[in-house]
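Keep the sequence and the structure open while reading.

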Amino acid sequence: MISVVIGAADQSVAYELRAALGEMDGVEVQFVVETTSELVAAVLRLEPDVVLVHDQLGPDPALQAVRDLSLRRPGCALLVVTASADTSQFTMAMDVGARGVVAFPPAYEDLRARITAAGEWSQQMRRILAAPRDAGVLSGPGRARVIAFAGAKGGVGTTTVATHLALDVLRNLPGHRVCLVDLDLEKGDVSGILEVRHRTSVADVAKVSEDLSAQAVADAVVLHESGLGLLLAPADVRDIEAVHPQSLREVFAVLRHEYDLVVVDAGAHVTPVQAAAVELADEVVMLTTPDVLALRGLRRTITQWEGLGVRKESDLHVLVNRVSRQSSVSAETIRQLTRAPVLSAGLPAMFRRLEPVINSRSPLELRDDVWWKALRAVGHEVQVAPGAPAVAAEPAKGRSRRRGKDDGQAAIEVVGTLPVLLFTLLVIWQLVLFGMTFVWSGHAASAAARAVSVGQDPAVAARAGVPGGLAGDLSVSTSGNTVTVNLPVPMVVPGTASFPGGVETSRTVVMEP
């Protein structure tokens, strides 16, 4: 079945195209739109095989929309519908990435042949684009794997995780060519985590993206002493404007040819550049921490990505960083808050161990195997290097040994804190009894005053107004027009013991006429 989206502001054009396509077997019209903005949104959402774009579609130029869609959805076949199918029109359509031109009004057989050819091309192109991901083997030259890490909010550890993961892949696969791209343009910290000085940045290659070469990218990449290639954020904030989605597509195309793995630090702010990186990446990992603010940022970012049509929620992964027993939000709760798969290999809370190597700007000096094993488990789940041996079982084994130690420690801590907990509960209960004694003393005094006013026994009335456990120690005295009730405060259990003295409450007797 070939799915088709039609973009035509002219109702007669849309009607004839839809009527002709409706007579074809194996062709389904998914949607008809009347503006270029609606066309882009529909194609990004529905991902049809073929898109028919009338050259009079507005308000933006129709060929500009065709160019944008050809870059954002390379597996979609775009056909331009025009009343003047001459050589110049055909040339302009080819220049913006269209697959062909359809003359209007269309001949049925000609339209059928073009739709069939475009649909077959689209399906074949999608198989080619999906082949490296589905094959489960390392990509060859020209198809490097791109993994983008984005943060739910600032401070969740996006740069640290992306940098350490790239270094660890390079350390375990010495022949692997790895490049780390810092796209947190305003606050890029990759150069701060690694001891590196640079004069070139991603902005320098973005400025020449229209005529970009592999040599230009190689000149901008800074080679770290570990062998990791670094394409860093610009030092001058004024250069940020040179980096835009179109230039980023050209840069990524060259990086895919020159490296085996491209790790992207996409930052924590939704910008056009970040959205382009998220759309171009083979895998997207959203980092969050187990707290409410980070989870709100996670939901907000995913909603914005879906609104822009760059990535569906089900097509990304969620990685929980700084996992500990003291976390107020469990991993199961996070799984219920998102439709995106949550990586089982969460990263432990190790700030105190990571802080020295971050301050010294030497990540490889960290000797704690727990951290590196957890990172390798994450890399295995998102297939940063599909040809590498699996390491997921090793961290799990280490975690089970650690879990056993933690269980014993937790049991000792519970035994030690149990007396303090019981004492606290007793104090709270005693305070509750004090408060209740004040309340019942007031009830008893009011009942005694009413009894005196009608000539009844105030003691009997007062005891009837309190619980049986307190009535035995209650005393009533009268002085003129005042009735005073003394009610002892029970100690722990009413009716067994009480504090000396008690709570006295007085009421004035109102004599009935």
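Which residue in β15 stands opposite Asn-486? Glu-504 does.

## Basis of the model

This is a predicted model: local features need pLDDT of at least 70, side-chain atom pairs count only at pLDDT 80 or more, and totals for chains, interfaces and linings use all residues. Residues are numbered from 1 along each chain as its sequence is written, and side-chain values use heavy atoms, with hydrogens and water left out.

## Overall make-up

The chain has 18 helices and 15 strands. These are DSSP runs, numbered from the N terminus: helices are H or I with at least four residues, strands are E with at least two. Buried residues make up 45% of the 513 residues. Buried means under 20% relative accessible area, exposed over 50%, and partly exposed in between, with a 1.4 Å probe and protein chains only.

Contact means heavy atoms within 4.5 Å. Of the contacts with a separation of 6 or more, 71% come from residues 24 or more positions apart.

## The antiparallel sheet

Three strands form an open sheet in the order β13-β14-β15, with antiparallel pairing. Two strands pair if DSSP finds at least two bridges between them. The edge strands are β13 (475–479) and β15 (503–508), and each pairs on one side only. From one strand to the next, the twist averages 20 degrees. Axes here are lines fitted to C-alpha atoms, for helices over the stretch in contact; angles run from 0 to 180 degrees between N-to-C directions.

Strand β14 (residues 482–487) pairs with β15 over 6 bridges, in the antiparallel sense.

## The parallel sheet

A second open sheet has 5 strands in the order β2-β1-β3-β4-β5, with parallel pairing. β2 and β5 (100–103) stand at the edges with a single partner strand each, so one side of each is left without a neighbour in the sheet. The twist averages 25 degrees from one strand to the next.

Strand β1 (residues 2–7) pairs with β2 (residues 27–33) in the parallel sense over 6 bridges. Between them the chain passes through helix α1 (residues 11–22), and this β-α-β crossover is right-handed. That means the path from the first strand over the helix to the second runs clockwise, with the strands pointing away from the viewer. β1 also pairs with β3 (residues 50–54), in the parallel sense over 4 bridges.

Helix α2 (residues 36–46) lies across β1, β2 and β3, at about 140 degrees to β2. Helix α4 (residues 87–95) lies across β4 (77–82) and β5, at about 140 degrees to β5.

## Helix α12

Helix α12 (residues 292–308) has 17 residues. From first C-alpha to last it reaches 25 Å, close to the 24 Å expected at 1.5 Å a residue. The expected span is 1.5 Å times one less than the number of residues.

Its buried residues are Ala-294, Leu-295, Gly-297, Leu-298, Thr-301, Ile-302 and Trp-305. Seen down the axis of α12, they fall within an arc of 155 degrees, so they line one face of the helix. The arc is that of the directions from the helix axis to the C-beta atoms. The buried residues pack against β6 (145–151), α11 (272–280), β11 (283–288), β12 (317–320) and α13 (331–337). On the other side of α12, Val-292, Leu-293, Arg-296 and Gly-307 are exposed.

## Ala-374

Ala-374 lies in helix α15 (residues 369–382). Ala-374 is buried, with a relative accessible area of 4%.
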